[in-house]
Amino acid sequence: FSEGLAMVTDGKWNSGFINKTGKLVIPCNWKTASAFSQGLACVKDNGKWGFINKKGQTVIPCKWSYALPFSEGLAKVENDNKKQGFIDKTGKLVISCKWKFAGSFSEGLAVVKDDNKKQGFIDKTGKLVIPCTWEDTFSFSDGLARVKDGNGEWGYIDKTGQLVIPCKWEDAGPFSEGLAKVKNQNGKLGFIDKTGREVIPCKWSYALPFS
């Protein structure tokens, strides 16, 4: 369940939504659907994506080749040229479809990938605030984002784009409750704090984020 509704599929794998009593409140009229987020859900019809409200009404027409749920008031969409941008809840394209890839907004910033396959971050005006210089990135969490350099090693940047934890880890996870899971060059897992200090030694073969 998300925002009071859960997605279900019928015998033909068409999607709709039930409420918490189990009543089908949005008929299974869609080829697929996402969970509700910020009052709207992504739905697919005739090969295109759009958005419905909790009454099942189409509020953003199904005209996009791909879409993600709304996050922080904006949703990623992809046009027929396989370029990605963002719409607001009225369906207006507020960040033009010019990126090879874009992620959902988190803490005011979204990952984007340029035509050179390098990654950086834009703000909600569409301005590139952290240049596309990284091989791979993930969304900001607790004020920091994971980035991978040309050597295939991971570190963390802040929202100014400054590398605050050096790229020296084989793998790295998001910060949660002040700590992030990291993997050293021997393949062992531990946890670092926001200064990059290894506060739980890398000696484990499996670990999950703090919660």
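Asp115 counts as exposed, at 55% relative accessibility; exposed means over 50% relative accessible area, buried under 20%, and partly exposed in between (1.4 Å probe, protein chains only). Its side chain meets that of Lys83 in a salt bridge of 2.5 Å, N to O. This is a predicted model, in which local features need pLDDT of at least 70 and side-chain atom pairs count only at pLDDT 80 or more, while totals for chains, interfaces and linings use all residues. Residues are numbered from 1 along each chain as its sequence is written, and side-chain values use heavy atoms, with hydrogens and water left out.

**Salt bridges**

- The structure holds 8 salt bridges, a salt bridge being a side-chain nitrogen of Lys or Arg within 4 Å of a carboxyl oxygen of Asp or Glu.
- Helices (H or I, at least four residues) and strands (E, at least two) are DSSP runs, numbered from the N terminus.
- Lys83 is partly exposed, with a relative accessible area of 23%.
- Glu107 and Lys159 form another of these salt bridges through their side chains, at 3.5 Å, N to O. This pair also links distant parts of the chain, 52 residues apart: Glu107 is in the loop between β12 (101-102) and β13, and Lys159 in the loop between β18 (154-157) and β19 (163-169).
- Glu107 is partly exposed at 30% relative accessible area, and Lys159 is partly exposed at 37%.
- The side chains of Arg197 and Asp193 meet in a salt bridge at 3.4 Å, N to O. Arg197 is exposed, with a relative accessible area of 52%, whereas Asp193 is buried, at 13%.

**Nonpolar cores**

- The largest nonpolar core has 12 residues in all, including Leu40, Trp49, Phe51, Ile60, Trp64, Val77 and Cys97. A nonpolar core is a set of buried Ala, Val, Leu, Ile, Met, Phe, Trp, Tyr and Cys residues joined through side-chain atoms within 4.5 Å.
- At least two residues of this core come from each of β6 (48-52), β7 (58-64) and β9.
- Leaving aside neighbours within four places in sequence, Trp64 is in contact (heavy atoms within 4.5 Å) with Lys48, Trp49, Val77, Glu78, Asn79, Ile87, Leu93 and Cys97.
- In soluble globular proteins, nonpolar side chains tend to be buried together.

**Positive phi**

- Trp13 is not a glycine, yet has a positive phi of about 65°. Trp13 is found in the loop between β1 (6-9) and β2 (15-18) and is exposed, with a relative accessible area of 64%.
- Gln38, also not a glycine, has a positive phi of about 55°. Gln38 lies in the loop between β4 (32-33) and β5 (41-45) and is partly exposed, at 31% relative accessible area.

**Cysteines**

- A search of the whole structure finds 0 disulfides, a disulfide being a pair of cysteine sulfur atoms within 2.5 Å.
- Cys28 is in no disulfide, and the nearest cysteine sulfur, that of Cys62, is 15 Å away. Cys28 counts as buried, at 17% relative accessibility.
- Cys167 is in no disulfide, and the nearest cysteine sulfur, that of Cys202, is 15 Å away. Cys167 is buried, with a relative accessible area of 13%.
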